[in-house]
Amino acid sequence: MSASLSPAALRAKERPSPLTTGHITVAGIERVTPGVQRITFAGEDLARLPDEEPGEIITLIWPEDGADRPELPVNGWRFAPDAPDQHWRNYTVRDYVADGPDGPLLTVDFVLHGDHGRCSRWATGAQPGEVLGFAGPRIHFYGEPTADWTLLVGDETGLPSIAATLDRLPPGHPTLVFVEIADAGERQEMASEADLVLEWVTRDGEPAGRSRRLEEAVRAASFPRGTAKVWVAGESLAVRGLREHLRDERGLAIGPQQAIGYWKHRDTPDDVEEA
Ligand SMILES: Cc1cc2nc3c(=O)[nH]c(=O)nc-3n(C[C@H](O)[C@H](O)[C@H](O)COP(=O)(O)OP(=O)(O)OC[C@H]3O[C@@H](n4cnc5c(N)ncnc54)[C@H](O)[C@@H]3O)c2cc1C
């Protein structure tokens with residue numbers, strides 16, 4: 001099985017995780033759209049962050065209530081037995097600068113999904129100087145140089161990875177992208193040298209995680225011929241529907257890291273997996 005993996009996929013499989021942990025400080029805040037807050041973090045601990053593939057996954061850690069800084073895992077992903085109960089969630093490396101004039105910088109795009117999530121609430125009111133922890137990164141997407149074309153599908157939470165991937169696809173590479181957003185105001189500029197066909201799918205009032213419009217748009221699409229590199233992310237139940245359609249009805253090869261639940265709607269059953 002592993003003999004058929006590309007060198008990048010093999011590297012992803014063999015890379016230890018997490019590679020590094022550390023503290024980061026909020027350095028910049030920009031409202032990209034009404035529903036997305038872009039936060040740039042600075043800190044010398046980021047100097048050791050590898051950024052080999054687009055959209056690598058980073059785990060962010062928030063301090064317990066009343067504390068200024070979170071405690072970090074001390075042994076791989078393990079926290080000390082007396083560590084406080086801290087909030088952590090997975091996010092995407094939207095951008096990473098290793099050696100800019102202000103030192104290493106990490107950019108994360110936070111979807112503002114309301115007051116009911118701590119990360120969303122925090123990102124809405126984040127202030128320069130606040131300190132979070134991080135652990136990672138892990139490779140999620142890896143390029144497949146032998147693929148004839150690439151299919152990227154996601155909701156707002158998958159958009160940072162899709163945008164980071166589009167930054168790095170080879171010039172002229174046929175690429176089909178479907179992104180679900182709340183409404184037209186959530187569209188972002190997407191630059192790419194790939195031969196890109198991009199469809200924004202708006203929910204227009206339907207609830208996030210319960211709309212079927214993304215799957216309907218993908219079902220209605222004509223795909224190019226040849227071997228596809230597929231990547232899908234979004235609400236877990238929506239991703240399951242897309243995975244089944246693409247694999248069972250379209251016959252596309254989808255490995256374990258290629259269609260991932262990024263969050264779970266409160267009504268999604270427990271047996272539907274989330275990354
Ligand atoms: C590998 C990976 C990469 C990710 N990258 C990003 C990223 O770059 N940017 C990003 O914004 N998110 C990203 N996510 C998704 C993010 O981790 C989740 O949305 C997370 O649940 C947010 O945490 P929270 O504390 O705000 O809410 P939680 O405490 O986890 O959840 C509270 C409530 O909010 C609901 N909820 C959670 N997320 C959403 C949402 N997006 N829309 C509507 N309701 C929601 C839940 O159903 C729950 O009812 C990624 C997830 C994974 C697994």
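Leaving aside its neighbours within four places in sequence, which residues is C119 in contact with? The first legend has the answer.

A quick note before the close-ups: this is a predicted model, where local features need pLDDT of at least 70, side-chain atom pairs count only at pLDDT 80 or more, and totals for chains, interfaces and linings use all residues. Residues are numbered from 1 along each chain as its sequence is written, and side-chain values use heavy atoms, with hydrogens and water left out.

**Figure 1. C119 and its contacts.** C119 sits in helix 2 (residues 118-124). Helices (H or I, at least four residues) and strands (E, at least two) are DSSP runs, numbered from the N terminus. So who does C119 touch? Leaving aside neighbours within four places in sequence, C119 is in contact with W62, H87, R89 and Y91, where contact means heavy atoms within 4.5 Å. C119 counts as buried because its relative accessibility is 4%. Here, buried means under 20% relative accessible area, exposed means over 50%, and partly exposed is in between (1.4 Å probe, protein chains only). For a sense of scale, the C-alpha atoms of C119 and I254 are separated by 30 Å, and these two residues are 135 places apart along the chain.

Figure 2. The size of an interface is often given as the accessible area lost when the parts come together. Between domain 1 and domain 2, the buried area is about 1,200 Å², with carbon and sulfur atoms giving 54% of that. (Buried area is the accessible area, 1.4 Å probe, that two parts lose on being put together, summed over both.)

**Figure 3. Pairs across the domain interface.** Across the interface of domain 1 and domain 2 there are three residue pairs in polar contact, both residues at pLDDT 80 or more. A polar contact is a pair of N or O atoms within 3.5 Å; within protein, one must be able to donate a hydrogen and the other to accept it, and residues adjacent in sequence count only if both atoms are side-chain atoms. The interface of domain 1 and domain 2 also has one salt bridge, meaning a side-chain nitrogen of Lys or Arg within 4 Å of a carboxyl oxygen of Asp or Glu.

**Figure 4. Salt bridges around the structure.** Side chains of opposite charge can pair when their charged atoms come close. A search of the whole structure turns up twelve salt bridges. One of them joins R38 and D109, with the closest N and O atoms 2.7 Å apart. This pair links distant parts of the chain, since R38 is in strand 2 and D109 in strand 6, 71 residues apart. R38 and D109 are both buried. Then look at D45 and R48, whose side chains meet at 3.9 Å, N to O. D45 counts as partly exposed because its relative accessibility is 26%, whereas R48 is exposed, with a relative accessible area of 52%.

**Figure 5. E180 and R203.** The side chains of E180 and R203 form a salt bridge at 2.7 Å, N to O. E180 lies in strand 9 (residues 174-181), while R203 lies in the loop between strand 10 (195-202) and helix 4 (213-220), 23 residues away. E180 counts as buried because its relative accessibility is 6%, and R203 is buried with a relative accessible area of 6%.

**Figure 6. Helix 3 under cover.** Helix 3 (residues 159-168) is mostly covered, with eight of its ten residues buried. Among them are L159, P160, I162 and L166. The buried residues of helix 3 pack against several strands, including strand 4 (87-92), strand 8 (149-154) and strand 11 (228-235).

**Figure 7. T268 after strand 12.** T268 is found in the segment after strand 12 (259-263). T268 counts as buried because its relative accessibility is 6%. Not counting residues up to four places away in sequence, T268 touches R210, E235 and L237. The side chains of T268 and E235 are joined by a polar contact of 2.7 Å.
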